[in-house]
Amino acid sequence: MLSQLREIVEHVSKEDNVHVALEILVRQTCAAMHTECCTIYLANEQQQRLELMATQGLTFQGDTIHINFNEGLVGLVKRTAEPINIAQAAKHSAFKFFPQLGEDTYNAFLGTPIIHRKQVLGVLVIQQKQSRQFSETEESFLVTLAAQVAVLIAHAKSQGLSFFDDNQLTVIKGIAASSGVAIGPMWWDNTQPELSDVFPASALDINREQELLSLAIDHALADFKRMRKKLDLELNKDALAIFDLFTHLLNDPMLRKDLKMQIAKGDRADWALRQVVESYANRFAKMSDIYLRERAQDVRELGQRLLFFLHNSEQPIHEFSDPIILVVRELTASILASVPKDKLLAVVSLEGAANSHAAILSRAMGIPAVMGVSINPELLSGKLSIVDGYSGEIFPDPTTELLTEYRELVTEESELSHMVEQTLDLNAATKDGQRIQVLLNAGLSADTSISLNKGVDGVGLYRTEISFLLQQQFPSEEEQVQQYRAVLQAYPTKRVVMRTLDIGGDKALPYLPIEEDNPFLGWRGIRFTLDHPDIFLIQLRAMLRASQGLDNLSILLPMVSSVQELDGAITLINQAYDEVAQLQHDIVPPQIGVMIEVPSMLYLLPFMAEKVDFVSVGTNDLTQYLLAVDRNNAQVADIYETLHPSVLAAMKHIFQTCQSYQLPVCICGELAGDPIGALLLVGLGYDTLSMNTSNVAKVKYLLRQTTMEELQHLASQALLQPYGDAIYNQMRDYFEEKGLAGFIRAGKS
Ligand code: PEP
Ligand code: MG
């Protein structure tokens, strides 16, 4: 049975034309299950009916058969989302006779829902003349088949394919990588040579090929330097790191040696390049860590750039007269830099994830981006489209109504950001004068440019991982001193909270692979650094040395789950301080804080209170651990509820405990920068919020529109709600009442 199942799915998935694929499905299912009739119906949600897509065994006349959701056995399967297995269909109370189907010859009926991510996409039915109940094995075969067909259908839908003949809106769904909305023509450049199109070819003159390769490397290096310079004005160091990574890879003696050796074997330079790049990229792609897997794309991009310079010696220059939505196979930093910013409305990338460097870059540049989109770019090119960077949706050839709606949205968006930017420099306070500290989250992503940030009261979270992740080895103490000093100096009169290394989880170091079944429950954050006092002490000394004469350093410890860990870390901080103070004067002991992101900390706070100067709540991890849901897993993304009642209750508990111990507390998880989250947290009593740069102006503006009384009332009401949705709805109503709905737009639904 298993091999038959696999065969059917294989045949069906190979077929490009989805209607033909469904014909194959019903034919082969009949054969595999030795039954006379198999039919597939798909749900047309807009029309509230099931439409017969393919059948073997039914002899209906006319071209379309529709069964309303509330009709017959097929409708019942759709409604109940459960299989129905009966020997005599006509005897079932829900049976409805459709004369045009010609099904009166069949007695046995087995219908199973086609479900993808909780949604019933259709119904798969087999029927037989013989009046008998289908066996359990047959039933589980059909259920398994339906589950696999569901994936194929969902995939086809995600490509924007409409199964029905009506004017159903075609939406292409991808990963929302950078927020914002854009309307304009799609532009796809198909003139570039693709590394995957390079085929085996021998070198006619090996020396010449070696020379061409060297030239291409030189050109590429010069190009990266130029690109870096070009972007330098707009972006911060983290975002530019991609060019350093390319340069670093290109200067890597191993890569150069492998390329040369491949040409020396007799291969033409482009063919040698493809082979070497693929073997490097595959090595990255096999790694279990998300960050490292994404580096495979960087290697391919590097190969693509080199190929370009092997074929051309000049950088391509496209003249864009009007702004465009750029469609690319793989969005890269160099592609982003190659289109003038005023001509770039949005980007759509077939590959990539929300964590890739390119996604980080587009966020830094404020350009809406949707990634991981399955489409044929040739079909999209030139089409007027809408890109919704909030929801990850793309609407090619939108209807006039949709265009009007989105045009209004675009106008509203720019008015809103203009409005909030105007008051960025004002202090953050509620209408009735409650001052709130708004701090910056900096370090890990490109939206945290230190120099670009105005209007904040300091840095509430400086993530130190990036310089460890982008290197081939642990950065030296001196390198770290330079980096940290630049940050501390940027805020000479304000507090800067530097978090010690938080690797592990989804952030493993390239030079220290950690293989674990449950990385988020494993060797992460403080657990790693306490096991490596050598690495930890270097970082602590670097932070302390960097703070000389500035007196603005606070040290924050991530992922602490026990008092022993805190004790161990404090001992090492004291040791580092003693070592540094012996050599350098003018270094004041730092403030020490601990992150609350493991639920055990809620109960340990009373024991920790006298040991630390402050605490900082990491709601990203706290939510993940409280709800037992992986924060990076798209499959369970809907269970990761940022406004879950238990998260809110935990936040209340933390605030009250901190207050009773007079322990300063800040929130540095994403909730603090979220318009709804920020208001609820202030309502709960928090007065220090740390957030990404893109949220600073918005949150400050929102605070000015509200009073403490209103916020306290909202928070106390929210604490009574048993459902996250109810909390959201309550807050949405408040935003609407106050005329602030534009701040919580989650895209068009
Ligand atoms: C958090 O967990 O909320 C947090 C701020 O840390 P990170 O997102 O870096 O894990
Ligand atoms: Mg965390």
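Predicted model: local features only at pLDDT ≥ 70, side-chain atom pairs only at ≥ 80, totals over all residues.

**From one contact to the ligand site**

Author: A polar atom in the side chain of Glu138 lies 2.7 Å from the backbone nitrogen of Ser135. Glu138 belongs to helix α4, which covers residues 136-158. With a relative accessibility of 13%, Glu138 falls under the 20% cut-off and therefore counts as buried.

The magnesium ion, ligand 2, is coordinated by an OE atom of Glu597 and an OD atom of Asp621, at 2.0 to 2.2 Å. Glu597 sits in the loop between β19 (591-596) and α19 (600-608), whereas Asp621 is in helix α20 (residues 619-627), so the pair ties together parts that are 24 residues apart in sequence. Glu597 and Asp621 are both buried.

An N or O atom in the side chain of Asp621 is 2.9 Å from an oxygen atom of ligand 1. Taken alone, ligand 1 exposes 280 Å², and the protein buries 99% of that area. In the case of Arg463, a polar side-chain atom lies 2.8 Å from an oxygen atom of the ligand; for Arg499, the corresponding distance is 2.9 Å.

How many residues surround ligand 1? There are 15, and the closest are Arg463, Arg499, Gly618, Asn620 and Arg631. By class, this shell has eight charged, four polar and three nonpolar residues. Helix α20 provides the largest share of the shell, with three residues.

Strand β20 consists of residues 614-617. Which of its residues point one way, and which the other way? Phe614 and Ser616 point to one side, Val615 and Val617 to the other, and all are buried. Strand β20 pairs with β19 in the parallel sense, over four bridges. Within this pair, Ile596 stands opposite Val617 of β20.

Strand β15 (residues 437-442) runs parallel to β22 and is joined to it by four bridges. The bridge partner of Gln437 in β22 is Thr688.

For contrast, consider a sheet formed elsewhere in the chain. Eight strands make up an open sheet with mixed pairing, in the order β7-β14-β13-β9-β10-β11-β12-β8. Its edge strands, β7 (172-173) and β8 (175-178), each pair on one side only. Inside this order, β9 (residues 181-188) and β13 (residues 384-388) pair in the antiparallel sense over five bridges. Ser385 in β13 is the bridge partner of Gly184. In general, strands of a sheet pair through backbone hydrogen bonds, either parallel or antiparallel.

Glu351 lies in the loop between β11 (344-349) and α11 (357-365), and its relative accessibility of 32% makes it partly exposed. The C-alpha atoms of Glu351 and Val370 are 9.7 Å apart, while the two residues are 19 residues apart in sequence. Lys118, in the loop between β5 (108-116) and β6 (119-128), is exposed, with a relative accessible area of 71%. Its phi is near 75 degrees, a positive value in a residue other than glycine. Asp551 also has a positive phi, near 60 degrees. Asp551 is placed in the loop between α17 (533-546) and β18 (553-557) and is exposed, at 55% relative accessible area. Why are these phi values worth noting? Most residues other than glycine have a negative phi.

Note on methods
Residues numbered from 1 in each chain as written. Chains lettered and ligands numbered in written order. Heavy atoms only, no water. Donors = N, O, S within 2.8 Å, 3.2 Å for Na, K, Ca; no water. Helix = DSSP H or I, 4+ residues; strand = E, 2+ residues; numbered from the N terminus. Buried < 20%, exposed > 50% of the residue type's maximum accessible area, 1.4 Å probe, protein only. Near = heavy atom within 4 Å. Polar contact = N/O pair within 3.5 Å; in protein donor to acceptor, adjacent residues only side chain to side chain. Areas by Shrake-Rupley, 256 points an atom, 1.4 Å probe, with all protein chains shown as cover. Nonpolar A, V, L, I, M, F, W, Y, C, P; charged D, E, K, R; others polar. Pairing = 2+ DSSP bridges.
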